[in-house]
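Morning, everyone. I have one structure to show you today. Please take a look at it before I start.

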Amino acid sequence: MVENETEKKRKNCADALAVIQYKLRQIKKDSSAYGYRYLSLPELVDRVYEISGTLGVCITFDMEKLEGDLYKTTARMVYIETGESISSSVYGMISSNDIPVKKDGVTKTMNFMQWFGSCSTYMRRYALQNLLGLAADEDDDAGGKYNNNF
């Protein structure tokens, strides 16, 4: 019996990463906010787990509070057979104060847990994108969307 290439166990994290990158090369941005399109964390995680589970690797997330309002979020790929891992971390400030947020012309206040959830989702998405080497957002800086006179 010939094994399907996606079901064949990889030799290490780099080998599995190459397969995941190939499989996700044309992933579609499924969400939009503030005038740009991006790939949501649930969609990204679903697609990655669907592929990684067949390759003998798992993906984990860790979040660590550093000093003050500074947090570090790490996405890690672990090769199950050997424990070898690769990781990528993202740092972000998560204020402990209530945050005013404007949506649809109305200003509302997010309490700390709402803001923390929003920020941690954002940080996990970027940590995973960085780990996998994916460009899952539109490049709004290069497109001249903002007029920066530097």
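A definition first, since I will be talking about helix axes. An axis here is a line fitted to C-alpha atoms, for helices over the stretch in contact, and the angle between two axes runs from 0 to 180 degrees between N-to-C directions. Keep in mind that this is a predicted model.

Now the overall picture. The protein has 3 helices and 7 strands. Along the sequence, the order is α-β-β-α-β-β-β-β-β-α.

On to burial and surface. Of the 150 residues, 35% are buried. The accessible surface is about 9,600 Å², and carbon and sulfur atoms hold 50% of that.

Next, contacts. Take those with a separation of 6 or more: 51% of them join residues 24 or more positions apart.

Now the helix pair. Two packed helices are described by the angle between their axes and the distance between the axes. Our pair is helix 2, residues 41–52, and helix 3, residues 112–132. Their axes come within 10 Å and cross at roughly 40°. Helix 2 is therefore oblique to helix 3. The crossing of the two is left-handed.

Which residues of helix 2 and helix 3 make the contact? From helix 2, we have Leu41, Leu44, Val45 and Val48. From helix 3, we have Thr121, Arg124, Arg125, Leu128, Gln129 and Leu132. By type, the residues of this contact come to 6 nonpolar, 2 polar and 2 charged.

That's it from me. Over to you for comments.

How values were computed
Residues are numbered from 1 along each chain as its sequence is written. This is a predicted model: local features need pLDDT of at least 70, side-chain atom pairs count only at pLDDT 80 or more; totals for chains, interfaces and linings use all residues. Side-chain values use heavy atoms; hydrogens and water are left out. Helices (H or I, at least four residues) and strands (E, at least two) are DSSP runs, numbered from the N terminus. Buried means under 20% relative accessible area, exposed over 50%, partly exposed in between (1.4 Å probe, protein chains only). Contact means heavy atoms within 4.5 Å. Accessible areas come from the Shrake-Rupley method with a 1.4 Å probe; for residues, only the protein chains shown count as cover. Angles under 35 degrees count as roughly parallel, over 145 as roughly antiparallel, 65 to 115 as roughly perpendicular and the rest as oblique. A crossing is left-handed if the near helix is turned anticlockwise from the far one by less than a right angle, and right-handed if clockwise. Ala, Val, Leu, Ile, Met, Phe, Trp, Tyr, Cys and Pro count as nonpolar, Asp, Glu, Lys and Arg as charged, and the others, Gly among them, as polar.
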